[in-house]
Amino acid sequence: MDTRSVSFESSGLRLDGDLRLPAASGGGQLPGVIVCSGYQGLKDIHPARFARTLVPAGFACLGFDYRGFGKSEGQVGRLVPQEQVEDTIAAVDFMTSLPEVDPARVGLVGWGLGGGIVIAAAAAEPRVRAVAALNGIGDGRRATEAAHDEESWNRLLSRIEADRDRSESECVPPFDVLPLDRVTGEYAHDELERYAGFGSEVTLESAASLLDFRPEALVSRISPRPLLLVHGSDNRLNPPAESVELHRLAGEPKELVLLPGAGHTEWMYDDHPTFRQVAELTRSFLERSLGAGTPAQTAAAREP
C-alpha cells in the first residue's frame, strides 16, 4: 500500500489527509472512496481501518480530518455537521482532481455521525456515485436524545438555550453532548483515547447544530445512485431506528443490513468477525457500484 500525506482546502481552511493507493495499479485510473469519521473521529482511526480493507481490493482511499481536528486548520471545539458536509464535498473536489482516480467512480463511506455527513454531502454533490452509511444517523435531535436519560437531556437543552446569549460559546466535554453507553465507553477508553485529539471539548453552539442536522430530509436525493445502510441491532448510541428510517425515506436502489447482537463500536477491530463482515459488505457494495481496480487490474483478474 502506498500512503501519501495530502492537503486540500475547504472554505479557505487547509484540511489534512492521507491518500492510500494500491502498491501497483497496473495502469489506468482507480475508483476512489472517501471514508468519513464520526463524532470526535480522526482520520487515523476508522478511515485508516477501512482503507486497510479497501485498498488491497483495488480502491484509492482518502481519509481526512474535519476542520478543527487533528492537523487540519479551523477552530478547535467547533464540531458543526453542516460544515463537515462542506469539508466532505471539498474532499470530493480533491479526489476527482487526482490523476490516479477515475472522477466518474467516486463513492463515500461514513461512520456514525459521518454516516449522516456522507448522505447530506451526496445529496448536494452529484459526482458522488455511491454511498455507504454505517451506524449512521438520520435526525441529530432524535439520535442525541436517545443517548440521554430525561434529566441529562433537559439539562443539555437548558445549557444550549442559555449559551445562545453568550458572546462566545461555552466549551463542554464532548460526551456531555452525546453520552456513551457502557460498552461504547469502554471501547473509547481502551481503543480511541490513545489517539491525540480524541475526546476534545466541543462548543454548545456545536451541540445546537447537531440537533438541527437532519440528513433524512435529504436522503431521497441520492437516488438513483445506490445507498447501503448497515447498523448494529443493539446499538445503544445511534439506535438502529436511524438507519431503518433512512431506508424508508430513501429512493431505490437501497439496501439495509442489520447486524444481530452488534452494538455501536465495540467490534471495530481489524480482526473482529463483525468488522470483517461489515468490511466485506462495504467492499462488495462498492465493487458493484463503482467497479474495482484499473482496467488493467480488471482484465488480469478475468484471465484464467
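Helices (H or I, at least four residues) and strands (E, at least two) are DSSP runs, numbered from the N terminus. The model is predicted, local features need pLDDT of at least 70, side-chain atom pairs count only at pLDDT 80 or more, and totals for chains, interfaces and linings use all residues. Residues are numbered from 1 along each chain as its sequence is written, and side-chain values use heavy atoms, with hydrogens and water left out.

View 1. S220 is found in the loop between α8 (204-211) and β9 (227-232), and at 42% relative accessibility it counts as partly exposed, where buried means under 20% relative accessible area, exposed over 50% and partly exposed in between (1.4 Å probe, protein chains only). Leaving aside its neighbours within four places in sequence, S220 is in contact with L249, A250 and G251, contact meaning heavy atoms within 4.5 Å. The C-alpha atoms of S220 and E252 are separated by 8.7 Å, although these residues are 32 residues apart along the chain. P224 also has its place in the loop between α8 and β9, and the peptide bond that leads from S223 to P224 is cis, with omega near 15°.

**View 2. The cis peptide bond between E252 and P253.** E252 and P253 are joined by a cis peptide bond with omega about -5°, and P253 is found in the loop between α9 (241-249) and β10 (254-259).

**View 3. The crossing of α1 and α10.** The axes of helix α1 (residues 46-54) and helix α10 (residues 273-290) come within 10 Å and cross at roughly 65°; axes are lines fitted to C-alpha atoms, for helices over the stretch in contact, and angles run from 0 to 180 degrees between N-to-C directions. On the side of α1 the contact is made by R49, F50, T53 and L54, and on the side of α10 by F275, V278, A279, T282, R283 and L286.

View 4. In helix α7 (residues 182-192), the buried residues are T184, Y187, A188, E191 and L192. Seen down the axis of α7, these buried residues fall within an arc of 100°, so they line one face of the helix; the arc is that of the directions from the helix axis to the C-beta atoms. The buried residues of α7 pack against α1, whereas the face turned away from the buried side carries the exposed residues R182, H189 and D190.

**View 5. I34 and the largest nonpolar core.** The largest nonpolar core has 91 residues, of which V33, I34, L62, M95 and I119 touch the most other members; such a core is a set of buried Ala, Val, Leu, Ile, Met, Phe, Trp, Tyr and Cys residues joined through side-chain atoms within 4.5 Å. Leaving aside its neighbours within four places in sequence, I34 is in contact with residues including L62, F64, A91, V92 and M95.

View 6. Q40 lies in the loop between β3 (30-36) and α1, where its phi is near 70°, a positive value in a residue other than glycine, and at 1% relative accessibility Q40 counts as buried. N135 lies in the loop between β6 (128-134) and α4 (140-146); phi of N135 is near 55°, again positive in a residue other than glycine, and N135 counts as buried at 2% relative accessibility.
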